[in-house]
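Q: Please take a close look at one helix in this model. Describe its length, its cover and its packing against a partner.

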Amino acid sequence: MVAVLSWWLALEALGLAVWPLAANLFKNLPDRGYPLAKALGLLLTGYFFWLLGMLGVLENTPGAIMLVALALAAGCWLVSRDWRQQAVAQLREQWRLILFAEALFALAFLTLVVLRAYNPEIGGTEKPMDFAFLNGILRSRQFPPLDPWMSGYTISYYYLGYLLMAMLTRLTGTLPGVAFNLSIATVFALTAGGVGSLVYNLVTRRAGRPSATALLFGALGAIFVLVLGNLEGFLEVIYAQGWLPAEFWQWLYVSSDAGGLFLPRLPTGGIPTDNWWWWRASRVIPGAIDEFPFFSFLLADLHPHVMALPFGVLVLSLGLAVLGAPARSLDAEREPLPHATPKSFDWHRLWPVGLSGWAPLLVGGLGFLNSWDLPTFGLVVIAAYAIWAYAQQEWRGWTWLWRVGHYAVVLVGLSFVLYLPFYLGPRISTEGLAPVMGNYTSLAHLLVFFGPFLLLALALVVDGWRRSREIKGTGILGLLAVGVPVVLALAWVVAILVARMAGLVPDDQVPALTDLTAKPAHLVVYTLLAMAALWVLVRLMLLPGNGNRTADRFVLLLVALSFVLLLICETFYIRDVFSSRMNTVFKFYYQAWVLLAIAAAYALYALPRRWPRWAGVTVTVVSGALVLAGLVYPLLAVPSKAGDFQREPTLDGTAWLAGSYPGDLKAITWLNEQVPGAPVILETVGGEWGDYSHISAMTGLPTVMGWAGHEWQWRGEYPSQREADVKAIYEGDTATARALLDQYNVMFVYVGTLERADYTPEALAKFATFMDVVYDVDGIVIYKRR
């Protein structure tokens, strides 16, 4: 309980430190950004701490973190009197909203704390990898941090999220095993606060005044994004009851690593009870991963796409603040600098009108948190600026295009420059784009995954068309808007034709590519969805003025972008080591879920209030039924994953080792307490997503080779030699072992449960001939080089 309280207080302190900055940065929003302050404070503190660590100015210590946080607080509270006055005025005028925001954050945080307490294990799936990175950063004196699974190298992954959580771990003095689970709760709560703020601001903009209703819809938005599941859970119940014919399930069937979606299992007459049935909800789309936020928090892998959530919402709020600025308030055409002459260049004008100096830092942070998010959420900010700028009557034609282009180039450029040390270091390598050839998303599977939101999203498009009927023509803008999806679809056709001519299309894929009832039909639907949303968005953009149209334009922007993302997943994918669209669908569907969920929450407020009664009731009832169906998944999955809450609760994610590896747990504790710094430790290599490499993962001490397949994903080359060398050290003769230990600068050799299972006692005995025994308890021996 002390750890939970200290962690919560640290987040509160970071939020309060930047409150004046948040109030200024988001002054165009009804809530002035208070619910976003915690995420903002965490990101800014982490950024400056990381940058100073990369430059060698600071070391990775609690004192350095505190110094950065205090300096940031002093800058926000003392430098600008105007900022300080805005924060004080907000406390006086919006204290009820502040209390609601704090209550929503606390409720979300404690909910996940309780859930993790009944299922805290850091084991299986990707958790050992996540924990290895967290501990590796804690072991690193400076940045970039060391890679615990490949000694001598730094992390080749987007690691800012791990750094932020490690920073909180150091700041609060929390044990890493507990900090891991508090980190999951933190991301959940920060996202809930951010989404609640965004939807509240949208509803308040639409209504023209703050209200309790807006607060409730803000909370509903958080539920839509974070708690709602897809329709797989609802269909699981129907399947278990045997209520629909076998032909329906055969039509819907998708083979997956969880045993198949619905088939070939038999109906049970109750609710799904087979082991990890809830996993199947993340494998609805053929040949792809299709997580959604609630699944991620239920699984509780502390992965970049999860940790980036609250900061993606932060950037969305930045976009709304840009779009909602009063007319010309972003402008205030600058006078030449005092020293400028008619013949001198005014460098002041290099900075785009309306671009906040903090915007590139927030947008750029997404590239370091989860690089997939930067183009999507950064595009929202640029598009919001474009829509706002078009509302300025003097900025039409080429002037408008110049303004938007200038803004986009500087924003994107600085988003990379500010994080340049990260981009200059080792990163995940990709091999460009490739056309999708198989495993397409049928409309049925799309409905299963996005079912709770699709109807409301389509209703928003129809509503936008109704509200913009006075626009008679869209001109070149409309043509460009509808042209984007068409170009994507035609580019796919051309790429496929070229690939077939070059003999690059596998024979088994040729029928799928030429079947006019399969891929082309689906592609037409996806293309039309994107075209319609973009065309209606342009029509709303052409309506004069901003006013209460800000919310409608912003929400339709989210819908249009979501439909474009879906179309991209059907046409092209980013090639990686898997050479499939698996990761592209995974990351883009995740983003589309967030965007559509926010839009759906707003739609439930706005549409019934301006549609004919029968239409509003119909949309509300049908959408409500789909939302209730989406709630079946979390209601059934939570007790299943938490073992019906029958176990003894704990937040220590390493406690499970006491049952499976009691001797190793004692050795891990000893290593964490007695071995400072980051000396190299050797442990055996083996399968991934299991128990191998758990010594390096649990301590952060770098080992010669951890999960080789993951290092292959991160670095683009399979480290087969290291795998072979680790086995040679354990299995080979003394001379071979000593030479390889020297080569990899190994200080400790670990002989534990897995090592004794993999190698003979005779092979392991050689280490005693040339190394010192520094630990020997319960059959676990740790040797140290002399």
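A: Start with helix α24, residues 549-571. Helices here are DSSP runs (H or I, at least four residues), numbered from the N terminus. Helix α24 has 23 residues and spans 33 Å from its first C-alpha to its last. That is close to the expected 33 Å at 1.5 Å a residue; the expected span is 1.5 Å times one less than the number of residues.

The model is predicted: local features need pLDDT of at least 70, side-chain atom pairs count only at pLDDT 80 or more, and totals for chains, interfaces and linings use all residues. Residues are numbered from 1 along each chain as its sequence is written, and side-chain values use heavy atoms, with hydrogens and water left out.

Helix α24 is mostly covered. Of its 23 residues, 21 are buried (under 20% relative accessible area, with a 1.4 Å probe and protein chains only).

Now the partner. Helix α17, residues 373-390, packs against α24 at about 135°, with the axes 11 Å apart. Axes are lines fitted to C-alpha atoms over the stretch in contact, and angles run from 0 to 180 degrees between N-to-C directions.

Contact means heavy atoms within 4.5 Å. From α17 come T376, L379, V380, A383, A384 and I387. From α24 come R553, F554, L557, L558, L561 and L565. By class, this contact of α17 with α24 has 10 nonpolar, 1 polar and 1 charged residues. Ala, Val, Leu, Ile, Met, Phe, Trp, Tyr, Cys and Pro count as nonpolar, Asp, Glu, Lys and Arg as charged, and the others, Gly among them, as polar.

Note on methods. Helix = DSSP H or I, 4+ residues; strand = E, 2+ residues; numbered from the N terminus. Buried < 20%, exposed > 50% of the residue type's maximum accessible area, 1.4 Å probe, protein only.
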